[in-house]
Amino acid sequence: MGDFHNPDADIDRFRFRLGFAAIAVLLAFGLLLGRFVWLQVIQHDFYQTRAEDNRIALIPIVPNRGVITDRNGVVLARNYSAFTLEITPSLVPDLEASIEALASVIDIQPKDRKRFKRLLDEAKNFESIPIRTRLSDAEVARFAAQRYRFPGIEVKARLFRQYPLGSIASHAIGYIGRITERDQQWILDNERQANYKGTDHIGKTGLEQHYEFELHGETGYEQVEIDAGGRALRSLKRIPPVSGNNLALTLDAKLQEITEQAFGERKGSLVAIDPETGGILALVSNPTYDPNLFVDGITPDNWKELNEHPSKPMVNRAINGAYPPGSTFKPFMALAALEMGKRTPNQAISDPGYYNFGNHQFRDDKKGGHGSVDMYKSIVHSCDTYYYILANDMGIDNIAKFMGSLGLGQRTGIDLGKDDAGESKGVLPSQEWKKQRFKKPEQQKWYAGETISIGIGQGYNAYTPIQLAQATAVIANNGVMFRPHLVRHITDTKTGEQRLIEPKPIRDLNLKPQNLEVIRRAMVGVNKEGTGARAFAGAPYEAAGKTGTAQVFSLKGAQYKEGSTKKELRDHALFIAFAPADKPKIALAVLVENGGFGAQSAAPIARMVIDYYLLGKLPAGAAPEDNSAIEDDNEE
Amino acid sequence: MIDVAGTLRRWWLQAVAHIDFPLLLITLSIMLIGLATVNSATIDSAHRMLSQAGNMGIALCVMWVVARIPPQKLMRFAIPLYVIGVILLIAVFLFGIKVNGAKRWLPLGFTRIQPSEIMKIAMPLMLAWYFQKYEATLKLKHYAGAALLLLVPFALIAKQPDLGTALLVGAAGFYVIFFAGLPWKIIGGMIAAAASAAPFLWTMLHDYQKKRILTLIDPTTDPLGSGYHIIQATIAIGSGGSLGKGYLNGTQTHLEFIPEKHTDFIFAVYSEEWGLLGNSLLVFLYTLLIGRGLMIASAAPTVFSRLLAGAITLGFFTYAFINMGMVSGILPVVGVPLPFMSYGGTALVTLFLGIGMLMSIHTHRMLVKK
């Protein structure tokens with residue numbers, strides 16, 4: 001470019017630049033077209049899916065949870081429909097203000113607001129979230145009258161879990177509660193997350209937890225088209241949910257109720273089993289709690305009270321309480337001796353009232369001893385010396401082997417809780433056990449002296465009531481062991497088919513009938529002329545039983561005085577029984593914490609339970625504490 | 001006897017004397033597509049089609065009037081329009097009202113105006129006049145003067161802040177300077193300088209502008225914030241596929257996933273419903289429009305008219321490219337409507353001022369030669 005301008009050169013340069021611009025334009029548009037080809041042809045499937053995902057929302061429809069009934073069809077857990085007040089956040093411009101205004105019409109507690117906030121964080125905004133549950137009819141009417149003021153807020157019917165019998169059988173049924181992170185993990189581990197979309201409650205304990213996946217049902221869903229604001233525009237497809245399966249139990253609700261009443265204020269547990277199937281007839285852990293408190297989220301006050309109460313109502317003593325069996329151990333010891341050829345029924349010992357081992361004297365409860373004691377007498381009168389000697393003769397590992405075959409010190413596999421985790425194993429002492437239990441070498445060694453007190457059910461022995469009941473049922477059922485279970489059959493709601501939980505024998509101990517007969521006879525003797533005679537006086541059936549008393553702490557040889565010991569230090573009372581003795585229909589184990597002698601507080605409960613179960617006889621109130629038993633029958 | 005047919009024919013010829021039919025046909029085609037797309041975009045709620053048709057009518061009148069004004073007369077508007085524009089921009093800087101964090105509007109009591117719109121036309125007009133004036137004695141210093149004329153309004157608009165409009169105004173001015181013969185050496189030097197100044201410029205950008213650029217690079221970093229627009233628009237385009245989902249059947253459009261769908265993002269609506277086929281047609285029409293504009297520029301007799309025609313034409317290209325590029329996710333989101341498609345009267349009127357000028361330049365070229 002110089003000082004002199006040639007117009008034609010200028011025009012040529014201009015046209016050259018126009019051409020340059022034209023090429024730039026074509027290149028730029030070419031780039032755009034390339035981008036369109038990339039998006040619309042090459043990546044089309046990807047964006048197609050994204051657009052569909054955008055547009056379609058699956059709204060889960062939560063199925064009805066399965067119903068739980070007892071063996072006679074009495075409903076133990078069901079669902080009922082109640083009105084809830086629900087907010088669809090996407091339709092409400094100012095949530096805070098709306099809730100504030102709502103609070104002037106309907107009572108809204110701080111806990112309702114808290115729950116709403118929590119749910120709001122989790123939910124998608126096209127879902128409606130409850131702000132109040134279980135509205136009364138009056139509240140529904142009040143809201144309906146002012147409804148125009150609250151767009152996006154509506155009354156809906158939702159299903160709630162209900163336990164009509166309240167606290168009865170609560171430890172067996174368990175309860176449901178809100179899904180926590182841990183539950184979420186469990187669902188994930190079982191690959192059920194798809195089926196739990198929309199579900200906000202899950203079984204927390206007991207049957208509700210064990211049979212969670214049966215009870216839950218199949219979640220249905222509705223495919224809806226939504227807009228960018230998350231508002232549902234129209235339904236495209238609806239797959240209805242399938243209700244959860246129903247559980248019919250072996251448990252007898254009336255028997256359960258009577259048993260719980262029999263306990264009254266006493267802490268303890270009773271497990272009654274049908275020995276021919278392993279079906280649980282009653283499973284009591286006292287005190288109980290009302291599972292209905294948990295359904296809608298338990299209040300902190302209630303939770304605190306239940307959790308911190310000294311009597312520990314939340315602990316299921318039947319499967320989680322491990323107690324020394326005390327003298328209820330003796331029939332099992334005697335049977336072991338017979339089976340292993342360590343004793344014959346008539347072989348008698350002379351009981352001076354004590355047994356010396358090394359430099360330690362093991363005392364019998366009866367001063368001066370029982371004199372000449374054979375096996376029958378050893379059980380009927382609960383002679384300790386007989387079992388001190390027997391234990392020493394058998395040795396700890398023989399005892400452990402036989403008791404283990406009865407299921408003691410092992411999880412029974414009852415259908416409660418999550419997998420096995422809910423059940424305690426208890427302690428079946430053996431040399432091996434001690435080696436595992438203790439770290440220091442000097443503690444790991446088993447001393448022969450320790451075997452002696454094992455013989456009378458003390459020492460390291462600790463078994464759950466359900467283990468004792470199962471062992472009793474094994475004897476009652478001639479050595480054939482069944483897995484204790486609560487569910488008799490499951491009704492599949494989809495097919496209507498009833499799936500029987502087949503009572504599967506775990507094993508046959510192949511016990512000799514004549515040996516079993518000896519034990520049976522002796523246990524009948526207990527209730528006729530021995531420590532259980534008072535409790536079973538006048539029974540029109542023959543019941544086999546054995547009382548027991550488990551020391552809470554060692555009295556170090558001091559004489560046990562009923563009145564002088566604080567209640568919580570008093571011994572645990574136990575009783576095992578089965579009836580009718582010749583063809584048992586029920587086998588049970590009772591434990592009364594700090595109940596003192598077994599004959600005193602445990603046996604009367606067993607009597608009431610068996611009376612009802614065999615005769616249909618209804619008792620009046622709690623079982624009496626038989627105080628007169630203390631004077632006569634304190635030899636157990 | 002009055003020759004009615006003859007009179008009507010004369011009137012008609014008189015009326016269309018300054019209409020360039022190829023240009024009119026192309027813009028009408030794009031506008032028709034735009035009208036249908038505005039209808040699709042607003043059919044669920046606001047119904048903007050008739051109102052847009054009204055805007056088009058007004059814009060066509062503006063075009064008709066402007067086309068009749070000879071380029072020499074248009075030149076007379078250059079200085080007053082530019083000066084008024086700059087004064088208004090200063091007024092905006094001083095008294096403007098803030099909308100969405102940007103001071104772009106000037107309140108006039110009964111209405112409010114956006115003076116940066118005026119600069120889209122005033123800028124090329126002014127610079128074309130400027131180069132016409134110094135045609136015979138053009139020296140390097142004149143480019144510096146042109147650069148100053150360009151930078152003052154550019155800075156005022158960028159300061160509002162309205163980077164999109166600033167860039168469009170700046171581009172319009174630059175095209176004039178480019179066509180006027182800005183030496184390649186200087187262009188190369190400017191590009192090099194811009195590249196080296198980029199990091200410094202980056203620090204001068206507003207946070208929201210930085211965010212737009214960052215989300216362009218990876219929209220997923222802010223899927224619910226500023227990345228949302230790009231993501232949803234891209235989904236709309238991609239899901240449209242080769243043939244589109246069909247008119248009124250775009251799910252992204254009708255379920256409100258596309259933001260600003262009848263204005264800046266109207267291309268996503270069109271693209272979802274008409275697919276690659278529709279996109280190709282639209283790009284083809286824009287290519288025709290630009291081609292016709294460049295032809296007019298090439299045939300223009302004076303420096304003023306050829307610079308103006310070239311700059312206006314490349315302006316159309318710039319609008320179209322930036323808009324489609326931003327909606328399809330290869331350019332940052334700036335507030336640029338798609339020419340002749342997006343809803344809005346002001347933008348249409350500005351566009352047809354340009355079309356009118358192109359027609360005027362083309363239909364008056366013989367007169368000048370004579």
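This is a predicted model: local features need pLDDT of at least 70, side-chain atom pairs count only at pLDDT 80 or more; totals for chains, interfaces and linings use all residues.
Visitor: Which elements of chain B have the lowest and the highest mean pLDDT?

Guide: The lowest belongs to helix 15 of chain B (residues 365-369), with a mean of 66. The highest, 96, belongs to helix 12 of chain B (residues 266-299).

Visitor: How do I read a helix pair, and at what angle do the axes of helix 10 and helix 23 of chain A cross?

Guide: Take the distance between the axes, then the angle, then the handedness. Helix 10 (residues 253-263) and helix 23 (residues 598-615) of chain A have axes that come within 9 Å and cross at roughly 160°. Angles over 145 degrees count as roughly antiparallel. The two helices of chain A, helix 10 and helix 23, are therefore roughly antiparallel to each other. Helix 10 of chain A passes helix 23 of chain A in a right-handed crossing.

Visitor: Which residues make the contact?

Guide: Helix 10 of chain A contributes L255(A), I258(A), T259(A), A262(A) and F263(A). From helix 23 of chain A come I605(A), M608(A), V609(A), Y612(A) and Y613(A). By class, this contact of helix 10 with helix 23 of chain A has 9 nonpolar residues, 1 polar and no charged.

Visitor: Turning to the interface, how many residues of chain A are in contact with chain B?

Guide: Count the residues on each side, then ask which elements supply them. Here 33 residues of chain A are in contact with 38 residues of chain B. On the chain A side, helix 1 (7-42) and helix 2 (44-55) each supply at least two residues. Helix 1 of chain A gives the largest share of that side, 18 residues.

Visitor: How do the residues on the chain A side divide by class?

Guide: The side of chain A that touches chain B has 18 nonpolar, 7 polar and 8 charged residues.

Visitor: What is the strand order of the sheet in chain B, and which are the edge strands?

Guide: In chain B, 3 strands form an open sheet in the order 1-2-3, with antiparallel pairing. Strand 1 (97-99) and strand 3 (112-113) of chain B are the edge strands, each pairing on one side only. Strand 1 of chain B is joined to strand 2 of chain B (residues 102-107) by 3 bridges. K98(B) has K103(B), in strand 2 of chain B, as its bridge partner.

Technical notes:
Residues are numbered from 1 along each chain as its sequence is written. Chains are lettered from A and ligands numbered from 1 in the order in which they are written. Axes are lines fitted to C-alpha atoms, for helices over the stretch in contact, and angles run from 0 to 180 degrees between N-to-C directions. Helices (H or I, at least four residues) and strands (E, at least two) are DSSP runs, numbered from the N terminus. Angles under 35 degrees count as roughly parallel, over 145 as roughly antiparallel, 65 to 115 as roughly perpendicular and the rest as oblique. A crossing is left-handed if the near helix is turned anticlockwise from the far one by less than a right angle, and right-handed if clockwise. Two residues are in contact if their C-beta atoms, placed from the backbone, lie within 7 Å. Ala, Val, Leu, Ile, Met, Phe, Trp, Tyr, Cys and Pro count as nonpolar, Asp, Glu, Lys and Arg as charged, and the others, Gly among them, as polar. Two strands pair if DSSP finds at least two bridges between them. pLDDT is the predictor's confidence in each residue, from 0 to 100.
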